[in-house]
Amino acid sequence: MDFVHYKVHERVGYITLARAEKRNALNYEVVSELKRAFAAAEEDDVCKVIVLRAEGKVFCAGADLEYIQKLQSNDYQENLLDSTHLMELFRMIYTLKKVVIAQIHGHAIAGGCGLAAICDFGFTVPEARFGYTEVKIGFIPAIVKVFLLRKIGEARAKQLLLTGDLISAAEAANYGLVNYVVPAEELEQRVEDFAQKLCAENSRQSMEVTKEMIARVQEMTLEEGLQYAAEMNAVARSSEDCQRGIAAFLNKEIISW
């Protein structure tokens, strides 16, 4: 692939945006390659946890505006096809079976902020800035909004989406956009350590089912959610991982997943 690289090291799959000269901006080809990389990581039995990172000074500047300008001559159906392409990438990351960690070493703007926020965990540096600037150029933060409302709630989503203002890494952590703000020189190691912790200490099956349940239960009524939870609880008790984990705990054994 030209714009995205994928490799696995010690059970961690690394997906790297490699379009630094364009600040890793998203166009049709970049989105296509990201979808291919995440699909490969999903199917890769060696990969247990995924890290999304980027080359250059910027994590992702959002949509490639030169590309968007070219799309303005398209008709509605052509634009819908392109928009659906991006939506499918965001949905893929959100519903992926494996945990995805964003390693955000620089600014994450507009669609790039959405890309970072949609990951399950986010590590960033103090110098990074975050925000959804679409309203400042007459565009709308349409797709990212669906996931942002789930992640940080309506009040904070409105603050970001309707002002278009950029916020600091510390504010992004306070908002719940990211989880950890760490010194730049420690970022790579902290992400690697966290990914390895998940690999070593947590059941692959348990993380997969828990992530799926978090996504699905929010669409349900209280009664539906509780019934779904009870059923999944019952299924989990008979799983091989649960039986293995409980046996190890009772026997005071250290289990390695």
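Biologist: Domain bounds here come from an automatic or database domain assignment; going by those, how far apart do the C-alpha centres of domain 1 and domain 2 lie?

Modeller: Bearing in mind that this is a predicted model, the C-alpha centres of domain 1 and domain 2 are separated by 28 Å.

Biologist: And which residues belong to each one?

Modeller: Domain 1 covers residues 4-199, and domain 2 covers residues 203-251.

Biologist: How many residues of each domain are in contact with the other?

Modeller: On the side of domain 1 there are 14 residues in contact with domain 2, and on the side of domain 2 eight residues take part.

Biologist: Stepping back, what is the protein built from?

Modeller: The protein contains eleven helices and nine strands. Its radius of gyration is 19 Å, which is close to the 18 Å given by the globule rule for 257 residues, so the protein is as compact as a globular protein of that length. Along the principal axes, its C-alpha atoms fill a box of roughly 65 × 45 × 35 Å.

Biologist: What share of the contacts comes from residues 24 or more positions apart?

Modeller: Among contacts with a separation of 6 or more, 70% are between residues 24 or more positions apart.

Biologist: How much of the protein counts as buried, and how much area does it expose?

Modeller: Of its 257 residues, 42% count as buried, while the protein exposes about 13800 Å², of which carbon and sulfur atoms supply 54%.

Biologist: What about charge, how many positive and negative side chains are there?

Modeller: There are 29 positive and 37 negative side chains, and the centres of these two sets lie 2 Å apart.

Biologist: Let's look at lysine 35; is it buried or exposed?

Modeller: Lysine 35, which lies in helix α1 (residues 28-43), has a relative accessible area of 15%, and because buried means under 20%, it counts as buried.

Biologist: Which residues does lysine 35 touch?

Modeller: Leaving aside residues up to four places away in sequence, lysine 35 touches His85, Glu88, Leu89 and Met92.

Biologist: And alanine 40, where does that one lie?

Modeller: Alanine 40 is also in helix α1, but with a relative accessible area of 34% it is partly exposed, whereas lysine 35 is buried.

Biologist: How far is alanine 40 from glycine 13, in sequence and in space?

Modeller: In sequence alanine 40 and glycine 13 are 27 residues apart, and in space they are 9.5 Å apart, C-alpha to C-alpha.

Notes:
Residues are numbered from 1 along each chain as its sequence is written. This is a predicted model: local features need pLDDT of at least 70, side-chain atom pairs count only at pLDDT 80 or more; totals for chains, interfaces and linings use all residues. Side-chain values use heavy atoms; hydrogens and water are left out. Helices (H or I, at least four residues) and strands (E, at least two) are DSSP runs, numbered from the N terminus. The radius of gyration is taken over C-alpha atoms; the globule rule is 2.2 Å times the number of residues to the power 0.38. Buried means under 20% relative accessible area, exposed over 50%, partly exposed in between (1.4 Å probe, protein chains only). Contact means heavy atoms within 4.5 Å. Accessible areas come from the Shrake-Rupley method with a 1.4 Å probe; for residues, only the protein chains shown count as cover. Lys and Arg count as positive and Asp and Glu as negative; His and the chain ends are not counted. The place of a charge is taken as NZ of Lys, CZ of Arg, CG of Asp or CD of Glu. Domain bounds come from an automatic or database domain assignment.
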